[in-house]
Amino acid sequence: MSNLSHLVFTSAQIRAIERFHAKEHDGHCFDLMEEAGKSVFNNIKSHCPDFHDVWVFAGSGNNGGDGYIVAALLLDAGISHRVFALNKPHPGSEAATACEYFLSLGGKIEHALPEINDGCPDVIVDALLGTGIKSAPRAPIDEWILFINRTRAYTVAVDVPSGVNADTGTVEGDCVKADLTVCMLALKPGLLTGDAVDYTGEVTVESLGVDVSVFHGKLTDLDEEIHLPLLRRSYEDIIDDLPHREKTANKGDCGKVLIIGGAKGMGGAARICAQGALRAGAGLVKVATDSVNINALNAGLPEAMTVDFNDEEALSKALSWADVTAIGPGLSQNEKARKLLELALSFDGPVVLDADALNLIATGEFSLSDKIIMTPHPGEAARLLGLTADEVNYDRIKSAVMLQRKYGGIVLLKGAGSVICDGKRITLVQEGSPAMASGGMGDLLTGIIAAFLGQDLTPKQATVAAACVHGRAGELAGRDGGIVGTLATDLTSYVRALVNGRN
């Protein structure tokens, strides 16, 4: 995995940092533009050491200015290149200064796309659109984007691939599909979640000599809907938070987890959840499920205990026994499920809510405590917010914050680039794989979270660590066995290894 900064900044926050920088540098940021161009040039050399020909596609804004600096460096180094630009930069802008500098060196700019049979360069630099885009690219830029994608060149995006919303990760129209994205100053949230993960390729961050850490969490006076600090996390970041066992540890010390779920015909969901909890280190796991599932569960997962969730007395005893409760996998949405959820919500300890438990909560009939952890996918999040799944995915970060503000506790919005919000900060999880696009993955995650809670991780630690372990397990399972056809249970051996610090 890439070794990126943990600190994430919105495009508005980056502009604020640039304004601070300009105040200390005679009112401009041209030095940052020069450093940005140099960083792209150096990344091309390090990622494509045998390159001979580069085409630069420059827009009229500062992103294009970075492209002109790259072109000037190529020219100075005697490297074959062509520069294409739709429009001239705005007069007096830093991009115009960069363009004039390139031309003063003898550089040439073409204003029409080449023929596709003109040959293909080794590298294309996408400097068309920057972080300001909030809608689909308009003509004729969309045609230029499609042209870039039709080539077979190694494509380097400057700051963000043209067409990506830097704050949300949304791609509303045509978008450059980059092999490498060189992000300037700091990591933008849109590169880590949503549609963007299909377009960024490898992501690297260039600080341009600016220490952005002094601004993190302090730019709260901007005209933004979300003021919470943003952080990136991957598996390597949570290793120290994983459960540690002393030599004298016994099963009673490692957490007693109660899982409530598995209505008739859906017992597999509860079993996968229990398996996730056991492989993540829970000392004891009990599954409260429909009686029709008990024999199969005992035979297939003998390490888990069972109780008939139709037996109110037995279920009440199980709740008194447990340290942590998880409810939802395969629960169904009938009257019985409503009563089970009401009982689970009266539990004094932490409660992990997933699947049908979330669908029931969306009815507005239940009161929640701050001890809950909600793990919705976009469809469930949509029902909880009264939106559509597309509306949730349009701004996944905002959606997670809205869920947390409405329901409290901790929210983990699943999907490409999972988003976690506890009301104090937002965590973007840089783990996962398309191998996880199959049923049961969320049930497994619920079990992992519950197991970590039972092993004395805080609710925030447990949620972030579980998401990182779960996502990395999916990546490893897809890598070793193939992305297509991966099952949730295929991840369990990797979960065990990762929980033990073996990647």
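Me: At what angle do the axes of helix H2 and helix H3 cross, and within what distance do they come?

Reply: The structure is a predicted model, in which local features need pLDDT of at least 70 and side-chain atom pairs count only at pLDDT 80 or more, while totals for chains, interfaces and linings use all residues. Residues are numbered from 1 along each chain as its sequence is written, and side-chain values use heavy atoms, with hydrogens and water left out.

Two packed helices are described by the angle between their axes and the distance between the axes. Helix H2 covers residues 30–47 and helix H3 covers residues 62–76; their axes come within 8 Å and cross at roughly 55°. Helices are DSSP runs of H or I with at least four residues, strands are runs of E with at least two, and both are numbered from the N terminus. An axis is a line fitted to C-alpha atoms, for helices over the stretch in contact, and the angle, from 0 to 180 degrees, is taken between N-to-C directions.

The crossing of H2 and H3 is right-handed, a term used if the near helix is turned clockwise from the far one by less than a right angle.

On the side of H2, the contact (heavy atoms within 4.5 Å) is made by Phe30, Met33, Glu34, Ala36, Gly37, Lys38, Val40, Phe41 and Ile44. H3 contributes Asn62, Gly65, Asp66, Ile69, Val70, Leu73 and Leu74. These residues of H2 and H3 divide into 10 nonpolar, 3 polar and 3 charged. Here Ala, Val, Leu, Ile, Met, Phe, Trp, Tyr, Cys and Pro count as nonpolar, Asp, Glu, Lys and Arg as charged, and the others, Gly among them, as polar.

A second pair may be set beside this one. Helix H12 (residues 378–385) and helix H14 (residues 396–407) have axes that come within 10 Å and cross at roughly 50°. H12 and H14 are therefore oblique to each other, and their crossing is left-handed. Among the residues that make this contact are Pro378 and Leu385 of H12 and Arg396 and Tyr407 of H14. The contact of H12 with H14 divides into 7 nonpolar, 1 polar and 2 charged residues.

As for the setting, the protein contains 17 helices and 17 strands. Its C-alpha trace spans about 85 × 45 × 45 Å along the principal axes.

Notes: Angles under 35 degrees count as roughly parallel, over 145 as roughly antiparallel, 65 to 115 as roughly perpendicular and the rest as oblique.
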